[in-house]
Amino acid sequence: MLLEKLLQHGQILTFKEGETVRYQGDPIDDILVLLEGSLRTEHVSENGKVLEIDVIKPVQIIASGLVFSRKPVYPVNVIAKEDSKVLSIPKERFLELLMKDRNLLLFFLEDVSEHFRIVSEKLFFLTTKTLKEKVVHYLVHHMNSDGEVVLPVSVEELSRIFGCARPALSRVFQDLEKEGFIEKKGRRIKVLRNFLENGKI
């Protein structure tokens, strides 16, 4: 019902897989709500280092926490992970709707809070662990009951999530395999029993 109301006040934009929805530094002139597909956000530093920040899924507002900031610009590139549909609503019109609809206001505040939580967890993860610890943490929290993990992305894409260079991440996997903690075949990784028994988590 809430989404139906929003659809009456905006236009639907379509993006192909790999297409950039918004560039880092673009002004936030409208409210973008992801309706279908998925988007990834990545920050590019001055030296060209790429760090993946978040994956956006329906129904979420893109950069909701910055929409009404004093400097409303996109802090990241927003890229379509797959073919996606995004609803664009003029910022002033969206503000009018927020002031009239309590449910929409709650939806917006929950979206802002969720984004803040995700970014906070990401920052803690990146600043308090070594690369090896990040990999171990990722594997332990994504493996199934048989101790297997199928990486949903390539090592190159995973390196963006961890904020490191691809060769460095590949070396960590190689080291863990040499030490007998994992067996890796392509994207399929088997977490061995002694991986959990030797205080590696």
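Reader: What makes His 115 count as buried?

Author: This is a predicted model, and in it His 115 has a relative accessible area of 12%. Buried means under 20%, so His 115 with its 12% gets the label. You'll find His 115 in helix α3.

Reader: Which residues is His 115 in contact with, leaving aside its neighbours within four places in sequence?

Author: Asp 54, Gln 60, Ile 61 and Ser 64. Contact means heavy atoms within 4.5 Å.

Reader: And why is Val 21 called buried?

Author: The relative accessible area of Val 21 is 5%, and the cut-off is under 20%, so Val 21 is buried too. Val 21 belongs to strand β2, residues 20-22. Setting aside neighbours within four places in sequence, Val 21 has contacts with Phe 15, Leu 32, Leu 39, Val 78, Ile 79 and Ala 80.

Reader: How far is Val 21 from Thr 127?

Author: In sequence they are 106 residues apart, and in space 28 Å, C-alpha to C-alpha.

Reader: What about Ala 63, is that one buried or exposed?

Author: Buried: Ala 63 has 17% relative accessibility, and the label needs a value under 20%. Ala 63 sits in the loop between β6 and β7.

Reader: Which peptide bond is cis?

Author: The one from Pro 58 to Val 59, with omega near -10 degrees. Val 59 lies in the loop between β5 (50-56) and β6 (60-61).

Reader: How do you know that the buried residues of α2 line one face of the helix?

Author: Start with the list: in helix α2 (residues 91-100), Lys 91, Phe 94, Leu 97 and Leu 98 are buried. Looking down the axis of α2, these buried residues fall within an arc of 120 degrees, so they line one face. Over on the other side of α2 are Glu 92, Met 99 and Lys 100, which are exposed. Exposed calls for over 50% relative accessible area.

Reader: What makes a set of residues a nonpolar core?

Author: The members must be buried, belong to the listed types such as Leu, Ile and Phe, and be joined through side-chain atoms within 4.5 Å. The largest nonpolar core here has 28 residues, and Leu 39, Ile 62 and Phe 94 touch the most other members. At least two residues of this core come from each of β3 (30-36), β7 (77-80), β8 (84-90), α2 and α3 (102-128). With 5 residues, β3 gives the most.

Reader: Which residues does Ile 62 touch?

Author: Not counting residues up to four places away in sequence, Ile 62 touches Leu 32, Leu 39, Ile 56, Val 67, Tyr 74, Val 78 and Val 86. There is also a second, separate core of 26 residues, which includes Phe 125, Leu 151, Leu 158 and Phe 181.

Reader: How much of the whole chain counts as buried?

Author: Of its 201 residues, 41%. The chain has 7 helices and 11 strands, and its C-alpha atoms fill a box of roughly 60 × 40 × 30 Å along the principal axes.

How values were computed
Residues numbered from 1 in each chain as written. Predicted model: local features only at pLDDT ≥ 70, side-chain atom pairs only at ≥ 80, totals over all residues. Heavy atoms only, no water. Helix = DSSP H or I, 4+ residues; strand = E, 2+ residues; numbered from the N terminus. Buried < 20%, exposed > 50% of the residue type's maximum accessible area, 1.4 Å probe, protein only. Arc of directions from axis to C-beta.
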